[in-house]
Amino acid sequence: MWPPAPSLSRWAWLGLAACLVGGCAAKVDPFGQQVQRIQEISIQGEQLFSRGELERASRNFNRALVLSRSVDYPQGAAQQLNNLGAVALEEEDYPKARDLFAQAYNLNLDGQHWEAASINQANLATAAQKAGNPEEASRRLLAAQDAAQRSRSSPALGRVYLQWAGFHLDHHDLAAAQDFLTRAHPLATTPELKGALFHHQGRLSLARGDTDQALARFSAALETDRSILARAAMAGDLFALGEVFQARGDPEQAWDYYVRAFDVYAGLGRKSQLPRCLKRLQEVNRTGGLGHSLKRFEKLAQPGPS
Amino acid sequence: MEEGFTRKEQLVGAFLLVLLIFTMVTLLVIAQGKGWFQPQNTYLVKLKQGYNLRQGSLVKMFNAEIGKVSAMGITQTLGRPQVEVTIKVAKEYADLIRQDSVAEVVSPTLIGSEYLEISPGSSGYPKIEPYGAIPSRERKSVTEYLAEIVTQETVQKVKLTVDNVAQLSEQLKNDEKAILEAVNRVNQVLASLTEGRGTMGMLLMQKDLYARLMTGLDHLDKFLVEAKGLLVDFRPMAVDLQGFTKAINQEIEPLRAIVRNIKSGSEELPDLMEAATDTARSAKETMDAIKANPLIRLTAPKGAKSQSIHVAPRTLP
């Protein structure tokens with residue numbers, strides 16, 4: 001018969017020896033520690049960024065940038081420059097955003113960090129798109145696609161394809177959008193990309209007048225984005241759901257989703273989105289004869305310091 | 001037969017002995033107080049006269065007593081009689097009596113008697129040895145002071161002033177006609193004023209102006225009465241304000257205490273922060289070391305990975 005006690009003891013000794021060996025194997029790595037510290041600061045900044053606390057996020061990214069430069073860590077510096085560019089983009093300071101993304105891209109190009117370079121180009125495309133320059137956006141997206149292909153990273157390529165789909169949807173080129181969504185589908189392996197895929201699929205369906213499909217896709221997008229607490233994306237999904245219900249002639253449901261979108265945008269401090277939501281709320285309130293009070297929304301949507 | 005003192009005799013003897021000792025001690029204390037045992041230096045001061053100084057008169061320096069006059073006498077020096085004052089100065093001040101010291105008799109303003117003031121000598125001059133003569137300065141008499149004032153020059157100046165006054169009087173006599181004319185003119189002006197002629201006359205003599213002035217004064221009176229009433233209304237408000245200020249002051253006191261506490265706490269804060277940072281750092285290092293262990297690394301949850309942020313257009317305004 002197998003004696004359990006001695007065997008357990010033997011396993012315990014073996015485990016202890018492994019721990020000892022592991023402990024001995026651990027060596028002091030000052031540079032690694034510093035890089036870890038930079039990443040911790042950057043992660044904190046990313047969390048603040050996702051909560052809409054742009055000023056504090058910017059402070060963290062700046063600190064991480066200084067630290068990266070002080071230990072000669074170009075990859076980290078490029079990452080922080082990109083993140084600072086993202087902050088500038090959120091603040092609608094497009095020239096500054098463009099400058100920071102370009103600096104990050106040059107550093108990544110020198111180090112041949114293609115995946116990060118692809119993100120930089122995709123962000124440059126976003127900045128160009130928001131600045132009302134579709135030609136430059138298109139050019140940047142091509143560069144992003146090239147960098148993503150060089151990186152051999154599926155999520156990187158999926159990200160670019162999804163951005164292409166969004167670009168074509170903005171320009172009402174539904175066939176091209178469909179093509180890129182089909183190409184992005186197998187590559188969207190992360191929750192972030194899945195959320196974007198569902199959202200764009202919903203937009204495509206809504207553009208085609210298929211509100212059932214749009215409702216299903218936006219609901220799936222909302223669920224996915226909520227799982228990773230992508231608040232800005234969630235607000236976009238909620239607003240889109242409001243549009244779907246408005247298109248279906250259900251003002252009560254549309255009102256609910258617009259209110260939820262309004263509250264998430266308000267929580268994020270996205271003042272510029274509030275008038276858009278308020279306009280939709282006024283529309284559904286009037287057309288549906290809902291008789292809801294708009295005082296709270298009007299007060300929050302007023303321009304001025306937050 | 002037993003010889004010696006009886007008990008009574010012994011008691012009386014002891015009593016007398018105690019009395020003797022007590023007297024001796026008292027004398028010693030008094031002598032100490034009077035400075036009888038204090039070492040003193042004797043100096044001589046020669047003056048033209050005694051200026052009411054007498055034996056026991058004080059000797060002062062910086063208006064503080066440093067000794068006394070011990071004797072006075074008249075001596076003949078170079079055929080001239082002089083008053084020789086012998087003074088005793090405490091030895092501790094002997095260093096201050098030097099060749100450039102000057103002794104002078106000072107009279108009191110109202111109360112007290114004359115004393116001898118000695119000015120302190122400079123360190124560059126040699127000390128005056130005991131029984132040496134201290135240079136003296138004679139006190140000036142009233143006639144001497146008068147003689148100083150009434151000099152030839154002063155008399156000349158007074159004479160000149162009297163001459164000037166006489167000259168002025170002569171000139172006035174010559175200009176009598178012009179002065180009379182001026183006085184007549186002034187009379188004429190005054191007459192015009194009383195008749196109410198000219199701007200000044202109208203201002204002074206017209207009743208209308210007077211009436212307007214009176215009306216103005218009436219208005220002013222009314223205004224002052226109203227102001228008085230307002231002041232009465234203000235008084236309770238001022239009292240309330242005082243109470244309010246007091247209440248604020250009372251409220252501020254705990255706030256001050258809080259601020260003081262915060263201030264004292266904040267002084268310790270950097271140390272606390274440093275200690276906390278050190279502790280956190282060492283704890284983190286320990287945790288890192290634990291995480292580095294392969295067995296733990298395998299089972300530990302994967303932390304978030306820092307990455308470049310991709311800003312999708314759908315998330316933007």
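In which crossing, left-handed or right-handed, does H12(A) pass H13(A)? In this predicted model, H12(A) goes past H13(A) in a left-handed crossing, and the paragraphs below place that helix pair in its setting.

**Confidence and overall make-up**

The model has an ipTM of 0.80 and a pTM of 0.53. For chain B, the mean pLDDT is 83, and 92% of the residues reach at least 70. Within chain B the confidence is highest in strand E7 (residues 133-134), at 92, and lowest in helix H2 (residues 142-149), at a mean of 68. Where pLDDT is low, the predicted coordinates should not be read in detail.

Chain A contains 15 helices and zero strands, and 45% of its 306 residues count as buried. Among the contacts in chain A with a separation of 6 or more, 51% join residues 24 or more positions apart.

**The pair H12(A) and H13(A)**

Helix H12 (residues 231-247) of chain A and helix H13 (residues 251-268) of chain A have axes that come within 8 Å and cross at roughly 160 degrees. Angles over 145 degrees count as roughly antiparallel, so H12(A) is roughly antiparallel to H13(A). On the H12(A) side, the residues making the contact include Met234(A), Leu238(A), Leu241(A) and Phe245(A), while on the H13(A) side they include Tyr257(A), Tyr258(A), Ala261(A) and Val264(A).

**The two sides of H9(A)**

Helix H9 (residues 174-184) of chain A has Ala177(A), Phe180(A), Leu181(A) and Ala184(A) as buried residues. Viewed down the axis of H9(A), these buried residues fall within an arc of 105 degrees, so they line one face of the helix. They pack against helix H8 (154-170) and helix H10 (191-208) of chain A, whereas the face turned away from the buried side carries the exposed residues Ala175(A) and Thr182(A).

**Phe49(A) and its surroundings**

Phe49(A) lies in helix H2 (residues 30-50) of chain A. It is buried, because 22 other C-beta atoms lie within 10 Å. Leaving aside residues up to four places away in sequence, Phe49(A) touches Leu54(A), Ala57(A), Ala86(A) and Val87(A), and also Ile309(B). Phe49(A) and Phe61(A) are twelve residues apart along the chain, and their C-alpha atoms are separated by 10.0 Å.

| Helix of chain A | Residues |
|---|---|
| H2(A) | residues 30-50 |
| H9(A) | residues 174-184 |
| H12(A) | residues 231-247 |
| H13(A) | residues 251-268 |

Key
Residues are numbered from 1 along each chain as its sequence is written. Chains are lettered from A and ligands numbered from 1 in the order in which they are written. This is a predicted model: local features need pLDDT of at least 70, side-chain atom pairs count only at pLDDT 80 or more; totals for chains, interfaces and linings use all residues. Helices (H or I, at least four residues) and strands (E, at least two) are DSSP runs, numbered from the N terminus. A residue is buried if 20 or more other C-beta atoms lie within 10 Å of its own, exposed if 12 or fewer, and partly exposed in between; C-beta atoms are placed from the backbone. Two residues are in contact if their C-beta atoms, placed from the backbone, lie within 7 Å. pLDDT is the predictor's confidence in each residue, from 0 to 100. The arc is that of the directions from the helix axis to the C-beta atoms. Axes are lines fitted to C-alpha atoms, for helices over the stretch in contact, and angles run from 0 to 180 degrees between N-to-C directions. Angles under 35 degrees count as roughly parallel, over 145 as roughly antiparallel, 65 to 115 as roughly perpendicular and the rest as oblique. A crossing is left-handed if the near helix is turned anticlockwise from the far one by less than a right angle, and right-handed if clockwise.
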